[in-house]
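Here is a short report on one structure. Have a look at the chain before reading on.

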Amino acid sequence: MVCSHHHLYSTLARGMPSPPRQPTKFLEILEQIWWRLDVALDAEMIRWSAMLGAVEALQCGTTAIVDHHESPSCIEGSLSIIADACAEVGVRTNLAYGVTDRHGADGSRRGLAENERFLRAGGRGMVGVHAAFTCSDDTLASAAALAADLGVGVHIHVAEAPDDADAGDRLHALARDDWHLVHCVYLDRELPGTIAHNPRSNMNNSVGYARPAARPNRIVLGTDGIGADMLEEARLAYMRLREEDVLASPDTVWQWLDNGYALFPEARADRVTWNYPHADSAWHVAFTPGVRAVHVESDAGEVLLRDGLPTRVDIAEVQTNAAEQAKRLFARL
Ligand SMILES: [Zn+2]
């Protein structure tokens, strides 16, 4: 399985203290939850958050993750920390640092520089942009130019909520086929690129249905940071699709899962043994909650998960260290 949009830094967010004010809409959810969390992250938190997220991904049969990262107080080197943590577990990554002007021109410059540093050093990834609505036109143009120069796409949230409804207009002249467009719920036109659909996140943020089946783009599935259980996400994507169209088939959603291999062709050769004998059937999976990976073997023949446990790292040690970092993080919040 490939998770085509994740935020591994949110692995430690579960159980975080309540925000000072109850968020009532999308922008307030960002302000009260995610923008307080991301600014509190340091290198150790990023490392153990990524490693726990990678272990939990493997336990869901997910061996490849397209991640979108932001840690404004710890930008330089952050992508390498995530890459190393996931590689240690045996999970492939395609990483991007989400550039934004929320922390001024220096913040966006450092974000761009981190993308460039990581990619020029041979890291696998894209140039990340948080979203058009938190960036100036100059920053968007700089990110697009850097990505074109490096021969990669731009990984960006697009029109997730009404606050970003003019993203289509702002990105129209910049977007290319290799861009990774996340959400596109309020996108008022077609843009070139792959669209990452995250049904559970969209429901959780109450932003409405993205109607991915109506788009001409290649569609892939992501979790937007809520784990990496792609069969679960596919089940949710199917139910959301079916709610709109009673004639819809789970095969449509199965194709979205399959499209994820475009960014990780070698992941297709990984082998997962599931705890349910018909996990290769879209119709079975759509109506079978709780399907989990028992064994995972990489394309190179290495066993990465045995009897539900990671082989390269001690899961108890990862959980203990992650819990320790979560405690530090919550204290800052
Ligand atoms: Zn996201």
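## A kinked helix

Helix α1 has a kink of about 35 degrees, centred on W34. The bend at a residue is the angle between two axes, one fitted to the seven residues ending there and one to the seven starting there. Helices (H or I, at least four residues) and strands (E, at least two) are DSSP runs, numbered from the N terminus.

This is a predicted model: local features need pLDDT of at least 70, side-chain atom pairs count only at pLDDT 80 or more, and totals for chains, interfaces and linings use all residues. Residues are numbered from 1 along each chain as its sequence is written.

L30, L37 and D38 of α1 are buried (20 or more other C-beta atoms lie within 10 Å of the residue's own, with C-beta atoms placed from the backbone).

## An open sheet

Eight strands form an open sheet with parallel pairing, in the order β1-β2-β3-β4-β5-β6-β7-β8. Two strands pair if DSSP finds at least two bridges between them. β1 (2–6) and β8 (219–221) stand at the edges with a single partner strand each, so one side of each has no neighbour in the sheet.

Strands β3 (residues 92–99) and β4 (residues 127–131) pair in the parallel sense over 2 bridges. G98 has G128 in β4 as its bridge partner.

## Helices on the sheet

Helix α8 (residues 230–244) packs on the sheet and touches β1, β7 (194–197) and β8. Contact means that the C-beta atoms of two residues, placed from the backbone, lie within 7 Å. The direction of α8 makes about 125 degrees with that of β8. Axes are lines fitted to C-alpha atoms, for helices over the stretch in contact, and angles run from 0 to 180 degrees between N-to-C directions.

Helix α9 (residues 250–259) lies across β7 and β8. α9 runs at about 85 degrees to β8.

Notes. Buried ≥ 20, exposed ≤ 12 C-beta atoms within 10 Å, placed from the backbone.
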